Amino acid sequence: MGQAAWKGFALSLFDYKTAKFVVAKSKKVGLLYRVLQLTILLYLLIWVFLIKKSYQDIDTSLQSAVVTKVKGVAYTNTTMLGERLWDVADFVIPSQGENVFFVVTNLIVTPNQRQGICAEREGIPDGECSEDTDCHAGESVVAGHGLKTGRCLRVGNSTRGTCEIFAWCPVETMSMPTDPLLKDAEGFTVFIKNFIRFPKFNFSKANVLETNNKTFLKTCRFSSKNLYCPIFRLGSIVRWAGADFQDIALKGGVIGIHIEWNCDLDKAAPKCDPRYYFNRLDNKHTKSISSGYNFRFARYYRDSNGVEFRDLMKAYGIRFDVIVNGKAGKFSIIPTVINIGSGLALMGAGAFFCDLVLIYLIRKSDFYRDKKFERVRSQEKEANVELEVNEIELEQELPGDKPAEGVQQDEQPQELAQSGRKQSNSCQLFEPARSGLLEKSIKNVKQPQISQTVKTEDIAGALGREQIQR
């Protein structure tokens, strides 16, 4: 890059650009501009302010407490347990839950287990053996039930067997019932009490109706028209989550109970209502050996001799997760001003887009570009340029400055004299034009700071030539 180019670049850094308003009589661009304005205005009014309520200050730091209580009884009659009545203490774990509670719907019971020596259950790879050396004494059976004693127990003439272990014997059975044991759990009810607070606005509320009627919670049931009676039937919750209760009760599953608080605090407090959503959190479509939900627990006893024994239970059931979320909003001038400013900025972006269309994309873009962008010099530079233009005009328009082609300069006066009256009349026709140009030149000479650019000799020469022509 040459020195002149660097100089021009350096000088351009001190250029100042100011806006210039140009009214373009283009119907296409004008229509586009109005459509963009209307679109941005509707977006600002409908989406930003009416739907999103962006004029509000938002508090998302929801503080929540949940208390759950399940009620119901069930009756079973099985060969392992005989006749038995199940209540909350039996099938709800824990009996008074918080955000999570579990309801037992199916059981595999291994009764009267005592610590002793017995064979490991078949089907456990680390517990299988063909001779005693396969069972190292003192090692635990991986994914098994006890410690190996060093003996391999075979049944009959079979070449394969299982290791002898020290464990709770007999080991757990794997007989899975075809129907859920506690299928009556579908009619159980759960009371979900939820307290919330938005600390920014010091606003608190609960999902239970404030009433002095003591029988209200004993007789009411939740519905879309009774949001402040949070007593739900378990079968209804599972159905609202899109599952079948008898199907999920066999192997278990996980249900989500969502409580959402979206409060507009510009309105009255009673308008802040909870909304409930239900869905199945475990993937019911996944075919896996670990599908469902289960865990083990035991109940311990002592016989008359003081020896401890237990009943082992593998419980299948439904885990309910109570998930609370929400936000509260209240009018504030700061977000209102910010969003209005954003809308005005979008208006400017629309005008910028229309400018691009006007000066680059339409047919007369060159014309509009010349009208929109104008280079302005300083007053002194403009005056110098104007004088140069005037001098060029004088040289081109005043006759006699240059001799005609093929005619010598000393012959011009004689030729003009012979022309007589006819030439005199033609000079009179050009006289007003010449005098106007002379007056314009004299005005430019009178201007300060630029008088040195015009030579008086040139003016005097022009006047002399005019006299000769006359």
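How many salt bridges does the count come to in this predicted model? The count comes to 10 salt bridges.

**View 1. Salt bridge between Arg114 and Asp303.** The closest N and O atoms of Arg114 and Asp303 are 3.0 Å apart. Arg114 belongs to strand β6 (residues 100–119), whereas Asp303 lies in the loop between β15 (294–302) and β16 (308–331); the pair links distant parts of the chain, 189 residues apart. Arg114 is partly exposed, at 29% relative accessible area, and Asp303 is likewise partly exposed, at 22%.

**View 2. Salt bridge between Arg280 and Asp282.** The two side chains meet with an N to O distance of 2.9 Å. Arg280 and Asp282 are both buried.

View 3. Arg319 is partly exposed, with a relative accessibility of 26%. Asp321, in contrast, counts as buried because its relative accessible area of 13% falls under 20%.

**View 4. Disulfide between Cys118 and Cys169.** The S to S distance is 2.1 Å. The torsion about the S-S bond is about -80°, so this disulfide is left-handed. Cys118 is in strand β6 and Cys169 in strand β9 (residues 161–169); the pair therefore ties together parts that are 51 residues apart in sequence. Cys118 is buried at 16% relative accessible area, and Cys169 is buried at 13%.

**View 5. Disulfides Cys220–Cys229 and Cys263–Cys272.** Cys220 and Cys229 are joined with an S to S distance of 1.8 Å; 85° about the S-S bond makes their link right-handed. The sulfur atoms of Cys263 and Cys272 are 1.7 Å apart. Cys220 and Cys229 are buried, as are Cys263 and Cys272. The whole structure contains 5 disulfides, and with the bonded cysteines numbered in sequence order the pairing is 1-6, 2-4, 3-5, 7-8, 9-10.

**View 6. Nonpolar surface patch of about 950 Å².** The contributing residues include Leu38, Leu42, Tyr43, Trp47, Ile51 and Leu346. Helix α2 (residues 27–51) supplies the largest share of the patch, 9 residues. Leu42 is found in this helix and is partly exposed, with a relative accessible area of 41%.

Definitions and conventions: Residues are numbered from 1 along each chain as its sequence is written. This is a predicted model: local features need pLDDT of at least 70, side-chain atom pairs count only at pLDDT 80 or more; totals for chains, interfaces and linings use all residues. Side-chain values use heavy atoms; hydrogens and water are left out. Patches are made of residues with over 30% relative accessible area and no salt bridge: like charges are joined within 9 Å, nonpolar side chains (Val, Leu, Ile, Met, Phe, Trp, Tyr) within 5 Å. Accessible areas come from the Shrake-Rupley method with a 1.4 Å probe; for residues, only the protein chains shown count as cover. A salt bridge is a side-chain nitrogen of Lys or Arg within 4 Å of a carboxyl oxygen of Asp or Glu. Helices (H or I, at least four residues) and strands (E, at least two) are DSSP runs, numbered from the N terminus. Buried means under 20% relative accessible area, exposed over 50%, partly exposed in between (1.4 Å probe, protein chains only). A disulfide is a pair of cysteine sulfur atoms within 2.5 Å.
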